[in-house]
Amino acid sequence: MAQKRRPGKKKTAPKRPQRKRPIKKKIAPVEEILFRVEGKMSTFGGPTDTGMSADEGLALFSSADLQNPKYANLFLATQPPGITGLGRRLDPEKYYFACRWNYNDTPKEFLKRALARAENPSNGRAADARPVDWGPNIATGRVADLSPGLATALGLQTDDVVRITISALRATPVKPVKAPSRAARVSRPASSAKPVIKQFVRSPNCSSRQMGTKIDKIVLHCTEGSLADALAEFQKADSRKVSAHYVIDRNGDIHQMVNDCDCANHCMGANQGSIGIEHVGSETDSLAPPQAAASAALIRWLLQEHQIPRTNIFGHDFTPGYCRPGGTSCPDKLFGPVHSQATISAWVAANV
Ligand SMILES: [Zn+2]
């Protein structure tokens with residue numbers, strides 16, 4: 001937020017230009033499911049998991065993997081005191097999980113690179129998560145163990161039901177496990193569904209994008225106020241005339257206010273080619289875990305949907321073209337303690 005009235009914005013008819021796509025007919029790729037379970041879950045991993053011994057390792061990772069930046073972000077930067085194994089070195093805030101894998105169907109090397117979709121069927125919340133271990137023991141009657149952070153993001157407590165899916169389309173493209181199917185031949189490297197939108201609350205403060213404008217940036221904001229205030233402000237046509245495409249509440253609920261194909265008024269000078277995402281928070285808040293998960297899922301979908309380069313995710317104040325004199329404090333400390341684009345980029349690298 002933190003944006004003044006756009007000067008002299010003319011009213012335009014609410015006609016939307018048809019966006020050009022490389023392939024006109026959108027054929028939904030057939031999703032080849034490589035792994036799916038649905039059943040009870042529990043949580044595991046991290047320094048405080050006394051259910052794991054101090055030297056307990058992980059089925060999919062060894063200490064050598066800590067040197068690989070692709071894997072290292074699942075773990076705490078340093079070994080917690082008294083802990084020698086990788087199980088309790090996991091960062092409990094990261095989204096990881098364990099299932100009872102059949103390594104013939106899903107080999108270890110595939111799983112290490114795979115990105116799974118974990119869903120809470122009772123509230124529709126979903127997040128991407130990484131396999132790290134084999135388990136839980138079948139005697140528990142559970143099908144999966146999740147990181148504490150993932151369970152929180154999905155709103156799950158021990159023995160609630162979780163659904164976990166790994167599909168060929170979602171796997172990080174390394175090498176296919178099975179013979180390439182029709183689905184695998186679709187050129188899109190990954191496919192994720194649009195996260196659930198809790199409500200579309202239409203804002204009048206938008207306009208058609210200029211013909212031929214490509215959506216090429218995502219701008220991240222902090223509301224510096226409550227959800228109710230942001231929704232109210234963006235619905236006012238007679239005030240600052242500001243808006244955003246999405247507003248994500250602290251609990252992960254996503255509200256949409258402007259269609260992607262239209263231009264919202266969220267980043268003076270850079271509205272034409274951008275999608276604006278507001279995150280509910282005060283000037284001193286960091287993202288709440290469910291909010292971070294929802295934001296990451298939404299950003300992933302937007303990147304894919306509009307073919308936006310990953311490098312074009314900006315904090316409001318650091319957006320190329322942003323031209324409000326004096327700048328803005330937005331997005332404050334939501335993505336890290338330092339007001340810098342480097343902070344935003346580091347968050348994106350770790351979470352999106
Ligand atoms: Zn802002």
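What follows is a short chat about aromatic pairs, nonpolar cores and one lysine in this structure.

Reader: What kind of model is this, and how are residues numbered?
Author: This is a predicted model: local features need pLDDT of at least 70, side-chain atom pairs count only at pLDDT 80 or more, and totals for chains, interfaces and linings use all residues. Residues are numbered from 1 along each chain as its sequence is written, and side-chain values use heavy atoms, with hydrogens and water left out.

Reader: How do you describe a pair of aromatic rings?
Author: By the distance of the centres and the angle of the planes. Here, rings of Phe, Tyr and Trp (its six-membered ring) pair if their centres lie within 6.5 Å. Planes under 30 degrees apart count as stacked, over 60 as edge-to-face and the rest as tilted.

Reader: How many aromatic pairs by this rule?
Author: The count is six. In one of them, the ring centres of F35 and W101 are 4.5 Å apart and the planes are at 50°, so the pair is tilted.

Reader: Where do F35 and W101 sit in the chain?
Author: F35 is in strand β1 (residues 33-43). W101 is in the loop between β2 (96-99) and α2 (108-113). Helices (H or I, at least four residues) and strands (E, at least two) are DSSP runs, numbered from the N terminus.

Reader: Are F35 and W101 buried or exposed?
Author: Both are buried, meaning under 20% relative accessible area; exposed is over 50%, and partly exposed lies in between (1.4 Å probe, protein chains only).

Reader: Which residues form a cluster with them?
Author: F35, F97 and W101 form one aromatic cluster.

Reader: New topic. How many residues has the largest nonpolar core?
Author: It has 41 residues. L58, F61, L146 and I164 have the most contacts inside it. A nonpolar core is a set of buried Ala, Val, Leu, Ile, Met, Phe, Trp, Tyr and Cys residues joined through side-chain atoms within 4.5 Å.

Reader: What lies apart from it?
Author: Another core, of 27 residues, among them I218, I248, I254 and I277.

Reader: And K112, where is that?
Author: K112 is in helix α2. Its relative accessibility is 7%, so K112 counts as buried.

Reader: What does K112 contact?
Author: Leaving aside neighbours within four places in sequence, K112 is in contact (heavy atoms within 4.5 Å) with L60, F61, D65, Y71 and R130.
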